[in-house]
Amino acid sequence: MSVTPMAAAAPVTSVKKHRVWVWTIIVIAAIVTLIGALTIFVKKEALDSQAFSNTSVTMLQDQQIRDALSIYLTDELFNSVDVQTQLQQILPKQTKSLAGPAAGLLRQFAPKAASDILAQPAVQNQFQNLVYNAHKSFMTIINGKSSGAVQTTQNGEVVLDLHPIVQQLADRLGLGAQVAPDTGRLVVFTSSQLKLVQDSVKAIKVLNVFLIILVLILYALAVWLAGGWRRAALRASGWSLVIVGVILLVLRRVVGNQLVGALVSAESDKTAARHAWLIGSQLLANVAWVVIFYGIVLVIAAWLSGATRPATAIRRWLAPEFADRNGYVIGGAVLLYLLLILWGPTPALQQWWGILAGAALFAFGYWALRRETLAEFPDAAGTTQSIDLRASWSKLRGGSKGGGSEPPAPPPPASTA
């Protein structure tokens, strides 16, 4: 019976549509992964008081940032205190005329003194507590709660109060003046921004969990729908994760440059601002490398299950071990994973959730590889590579002693010519 061209074209068209759906799901999964990674960064870095305060101390340990903050503290002090008048009160009568030049010298010396103060561990701990308390106030207001411990200004602003450090600077300079209470107060956000921030935080908290689950479902669905070309779908999923990770790294650089250009006008402050962004966005870089790592794992898994000569040779070599000594292979795989955890190439493998997720992925990959290998080489049982190695070693030892278990080969027959 002949097949009409229309009937032959129908299955081909159906297969093409099927592949388009699978590729569409992979692309959507990659986009969701990108958005999910950004929400993880915001939630873990910007909405966690402890992480935020820890990052602030790391910033303070950077020389460029410390110098910029020292200049700010100096400006706050000299704008709050009439240094020349204070010096006139301190200096002897015959040297009071030197109060003006001395105030100028102090102004030049003050940033170095402030930087030395900020470099002290005790002051850094104090700074961390100030940032932590300010951030806790911020989160309390964002969550719509009120507490007597939460203080805002009359305008509804949340502030970071650096007044204690400014006072220490005044004492270090020997001014003996009480700095005004409102000196060194950095506004975190104003009341006009409150509604927008609250809505954004609520959305991030919901999306953070939902997007992670959705990513797993989408990639699993794409591979499952691929049918006879699941290996290609798995490889494409892996490469999509690698691309997402690279995009995150590029975004970190591009967004950082844009933010610095938009928020900082003075060229002298831009270096410190760039350092602050790179330190504050380090978690985003870590998330990007985690995504790249898992993408490479999927690509390697797809390659191992492929039809290339190296992949087939590896499966052929592993088949006897999978069949006869699976317990030893599992032990070796677990040992390899433990060594990977000790190495910790990605931040995820240094966290309990990352270790569990990696273990689940590792176990699934092992199961799939063993299943495919034994189906491809069903006669591998009884030919374990370790047995062959022992036999080869016995032959080598026997040969080195001048004899072996096998008789020597007979000499070639004499020529009759």
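**View 1. K112 and D116 in helix α5 of the predicted model.** Both residues lie in helix α5 (residues 99–118), 4 residues apart, which is about one turn of the helix. D116 is partly exposed, at 32% relative accessibility. The structure holds 4 salt bridges.

**View 2. The salt bridge between R315 and E376.** The closest N and O atoms of this pair are 2.6 Å apart. The pair links distant parts of the chain, with R315 in helix α12 and E376 in helix α14 (residues 352–376), 61 residues apart. R315 counts as buried because its relative accessibility is 3%, under the 20% cut-off. E376 is partly exposed, at 33%.

**View 3. The salt bridge between R325 and E321.** The side chains meet at 3.9 Å, N to O. E321 is buried, with a relative accessible area of 13%, whereas R325 is partly exposed at 27%.

**View 4. I314 in helix α12.** The helix spans residues 309–324. Leaving aside neighbours within four places in sequence, I314 is in contact with W303 and L304. The C-alpha atoms of I314 and L304 are 7.8 Å apart, and the two residues are separated by 10 residues in sequence. I314 is partly exposed, with a relative accessible area of 31%.

**View 5. The whole protein, for context.** The secondary structure comes to 15 helices and 2 strands. Of the 417 residues, 35% count as buried. The accessible surface is about 25,100 Å², and 65% of this surface belongs to carbon and sulfur atoms.

Terms used: Residues are numbered from 1 along each chain as its sequence is written. This is a predicted model: local features need pLDDT of at least 70, side-chain atom pairs count only at pLDDT 80 or more; totals for chains, interfaces and linings use all residues. Side-chain values use heavy atoms; hydrogens and water are left out. Buried means under 20% relative accessible area, exposed over 50%, partly exposed in between (1.4 Å probe, protein chains only). Accessible areas come from the Shrake-Rupley method with a 1.4 Å probe; for residues, only the protein chains shown count as cover. Contact means heavy atoms within 4.5 Å.
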